[in-house]
Amino acid sequence: MTRLRRSILFVPADKPERIEKAATLSTDVVVIELEDGVSPENKDFARKQAGQMIEQVDFGNREVALRVNRISTLHGLEDLKSMAKWAKKPDLVLLPKVESAGEVRIYDELISQMKAELEFMVMIESSRGILNAPKIVTASPRVSCLALGAADLSAELGSHMSWDAMFIHRVSMVLACGLTGIMPIDSPYLNIKDEKGLLEECKKVQEMGYTGKLCIHPSQLALVNEAFTPSVEKVASARKIVKAVKTQGTGALVLDGKMVDAPIIKSAQRIVEAAERLNLD
């Protein structure tokens with residue numbers, strides 16, 4: 001069954017009340033933050049809280065992700081050492097600022113030693129990460145989505161975060177994800193008061209192939225979920241294709257005068273699965 005990762009909300013691990021609140025919101029994924037959202041002096045406390053929240057809070061159907069610090073830092077090593085002791089692990093580990101396939105393999109080996117069944121959401125936040133994205137997505141079968149961090153990337157490049165400035169990097173992400181069929185997740189929209197701008201950006205990246213967007217405030221969730229939920233028309237068309245496949249076979253077929261082949265069928269199946277998860281009519 002296709003996972004829903006339309007909205008991915010970040011909450012700092014040292015604010016347990018925010019984690020409890022996030023577990024009641026309409027986000028598809030709750031990211032418990034140990035990295036940039038937690039000050040150095042609060043890291044130890046945040047790790048303890050993260051483990052307790054993951055074990056004790058009822059997140060319902062929401063996926064729970066843990067954003068760790070980089071594996072090349074002492075904080076990153078402590079994050080994984082702490083997680084190894086937790087009785088309950090997150091569904092996802094969000095790997096920050098990844099720049100090479102080697103980094104992913106290190107995380108993969110450590111998680112394997114924990115005998116944990118979880119996936120990786122890999123953050124691409126630098127030019128090196130963008131250029132190595134094709135190798136990164138194939139570094140481990142745990143990599144199930146790639147997320148763009150446009151703020152750090154633009155800071156490194158000295159560029160704006162405008163649509164035109166980030167366009168080529170967004171395209172690179174989608175192409176890399178296409179190699180293994182994983183989900184591309186877009187960078188957060190930083191102006192939380194600009195609803196129109198958020199909707200416009202969501203529409204553009206959705207048309208490019210992105211399946212969701214990182215969120216920095218609960219007020220963004222409804223708009224992001226709406227933008228990445230298939231329309232009634234798309235669901236109806238997809239169901240028609242899936243039904244035709246059942247009666248005519250999985251090869252190329254003609255439906256309403258249009259050729260329908262394997263890629264279109266696969267896309268239709270994904271839309272139908274998402275609609276079922278959302279209980280869409």
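**Notes on the cores, pockets and selected residues**

1. The largest nonpolar core holds 64 residues, and those with the most contacts inside it are Ile32, Met83, Phe120, Val122 and Leu146. Helix H7 contributes the most to this core, with six residues. A nonpolar core here is a set of buried Ala, Val, Leu, Ile, Met, Phe, Trp, Tyr and Cys residues joined through side-chain atoms within 4.5 Å. Buried means under 20% relative accessible area, exposed over 50%, and partly exposed in between (1.4 Å probe, protein chains only). A second, separate core of 14 residues includes Phe10, Val29, Cys145 and Leu214.

2. Please note that this is a predicted model, in which local features need pLDDT of at least 70 and side-chain atom pairs count only at pLDDT 80 or more, while totals for chains, interfaces and linings use all residues. Residues are numbered from 1 along each chain as its sequence is written, and side-chain values use heavy atoms, with hydrogens and water left out.

3. Leu146 touches, among others, Val122, Ile124, Met173 and Ile185, residues up to four places away in sequence not being counted. Contact means heavy atoms within 4.5 Å.

4. Which residues of H6 are buried? They are Ala150, Leu153 and Ser154. These residues lie on the same side of H6 because they cover an arc of only 95 degrees around the axis, the arc being that of the directions from the helix axis to the C-beta atoms. An α-helix has 3.6 residues a turn, so residues three or four places apart point the same way. The buried residues of H6 pack against helix H5 (127–137), strand E6 (143–148) and H7. Just after H6, Gly158 takes a positive phi of about 75 degrees. Helices (H or I, at least four residues) and strands (E, at least two) are DSSP runs, numbered from the N terminus.

5. His169 lies in helix H7 and counts as buried, at 16% relative accessibility. Beyond its neighbours up to four places away in sequence, His169 touches Ile130, Leu153 and Leu157.

6. Pro90 sits in the loop between helix H3 (74–85) and strand E4 (92–95). With 2% relative accessibility, Pro90 counts as buried. Leaving aside neighbours within four places in sequence, Pro90 is in contact with Ile54, Val64, Ala65, Leu66, Met83 and Leu118.

7. A pocket is an open set of points on a 1 Å grid over the protein atoms alone, where a 1.4 Å probe fits, with protein on both sides within 12 Å along at least five of seven lines; lining residues have an atom within 4 Å of a point. Grid points are joined across faces, edges and corners, and a volume is the space filled by probe spheres set on the points. Of the 33 lining residues, Gly209, Tyr210, Thr211, Arg270 and Ile271 lie nearest the centre of the largest pocket. H11 gives the most to this lining, with eight residues. The lining divides into 15 nonpolar, 11 polar and seven charged residues. For this count, Ala, Val, Leu, Ile, Met, Phe, Trp, Tyr, Cys and Pro are nonpolar, Asp, Glu, Lys and Arg charged, and the others, Gly among them, polar.

8. The second largest pocket holds about 340 Å³ of space. Of its 19 lining residues, Phe10, Glu33, Arg67, Pro188 and Ile216 are the closest to its centre. Strand E1 (7–12) and helix H6 (150–157) each supply at least two residues of this lining.
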